[in-house]
Amino acid sequence: MAKRPSAFSILRKNFSSTVVDSVRTMGRTVQMFFGTVVAMIGDIIRLQLQWKETFFQLWYMIGVTAVPAVLIAIPFGMIVSIQVGNIIHQLGADSLAGAASGLAVISQGAPIATGLLLAGAGASAIAADLGARTIREETDAMRVMGINPINRLVVPRLIAAWIVSPLLNILIIVIGTLSGYLIAIGSQGVTPGSFWLSFGSFAHPVDVWISLVKSIIFGTIIAVIGCQRGLEAKGGSRGVADGVNATVVLSFVVIFIMNLVLTQVTSIFFPLQVG
């Protein structure tokens with residue numbers, strides 16, 4: 001009789017295969033990103049960029065994320081203002097309410113909310129669309145006709161994500177800051193002048209630029225992951241669903257990890273300063 005494998009050996013084999021598969025998937029994702037950038041540059045030089053598809057994806061991403069962005073920014077700005085306001089009120093520093101609320105929304109809230117919205121709405125739609133095309137063998141038909149799916153499908157979605165992410169980030173910053181302002185002056189006794197004075201003293205244009213760069217990085221991540229999982233879908237409709245689920249989960253995890261790294265890096269090179 002064959003010896004039955006132990007639970008430890010099964011666990012070790014599954015763990016090793018999972019790690020190896022994860023590294024390979026990460027490698028293919030990075031390779032797709034650089035391949036997409038090269039293809040985009042080539043299309044621009046040859047004047048063959050798919051503008052119609054780019055505008056369609058741009059409009060679609062704006063349509064599915066604009067209203068949720070407002071609905072997220074309003075309670076987020078209010079919650080930050082309430083929580084921070086209670087703390088600084090106990091410390092007797094009510095004049096710093098604007099600085100605390102503004103920095104929280106600009107530095108962390110807006111880029112993270114942008115990334116999560118694009119991952120939940122944009123990347124999932126990208127993975128579902130490309131996954132369905134892959135299952136129906138449309139991408140194989142493109143290759144047979146000499147059309148590279150990267151140029152035709154991936155490049156327009158990456159450009160759309162680059163354009164939508166900073167616009168969405170700015171929208172969340174404006175709505176979130178105004179929401180925090182209304183709560184501060186309406187229920188916490190903060191004067192409008194002290195709110196905007198502290199906001200201007202601590203928040204600098206470089207903070208906004210860092211937030212925009214974060215959002216563009218997050219948009220790049222979700223677009224590439226969504227395209228990669230969609231083009232590699234297999235196994236029928238179940239494979240498409242698995243690709244969409246993996247896209248959302250991976251995008252969330254990578255966004256939080258990248259935000260931690262970027263926050264640490266920016267805090268080293270751009271420390272908080274009082275204007």
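1. Arg-46 is partly exposed, at a relative accessible area of 47%; the term covers values between the cut-offs for buried (under 20%) and exposed (over 50%), computed with a 1.4 Å probe on protein chains only. Its salt-bridge partner is Asp-43, with 3.0 Å between the closest N and O atoms. Asp-43 is buried, with a relative accessibility of 3%.

2. The model is predicted: local features need pLDDT of at least 70 and side-chain atom pairs pLDDT 80 or more, while totals for chains, interfaces and linings use all residues. Residues are numbered from 1 along each chain as its sequence is written, and side-chain values use heavy atoms, without hydrogens and water.

3. A salt bridge here requires a side-chain nitrogen of Lys or Arg within 4 Å of a carboxyl oxygen of Asp or Glu. Under this rule there are ten salt bridges.

4. One of them joins the side chains of Arg-28 and Glu-232, at 2.7 Å from N to O. Arg-28 belongs to helix α1 (residues 7-45), whereas Glu-232 lies in the loop between α7 (205-231) and α8 (236-269); the pair is 204 residues apart and links distant parts of the chain. Helices are DSSP runs (H or I) of at least four residues, numbered from the N terminus. Arg-28 is partly exposed at 35%, and Glu-232 is partly exposed at 32%.

5. Glu-138 and Arg-136 form a salt bridge of 2.8 Å, N to O. Glu-138 is partly exposed at 27%, while Arg-136 is exposed at 51%. Both belong to a network of salt bridges that also links Glu-53, Asp-129, Arg-133, Arg-152 and Arg-157.

How values were computed: Helices (H or I, at least four residues) and strands (E, at least two) are DSSP runs, numbered from the N terminus.
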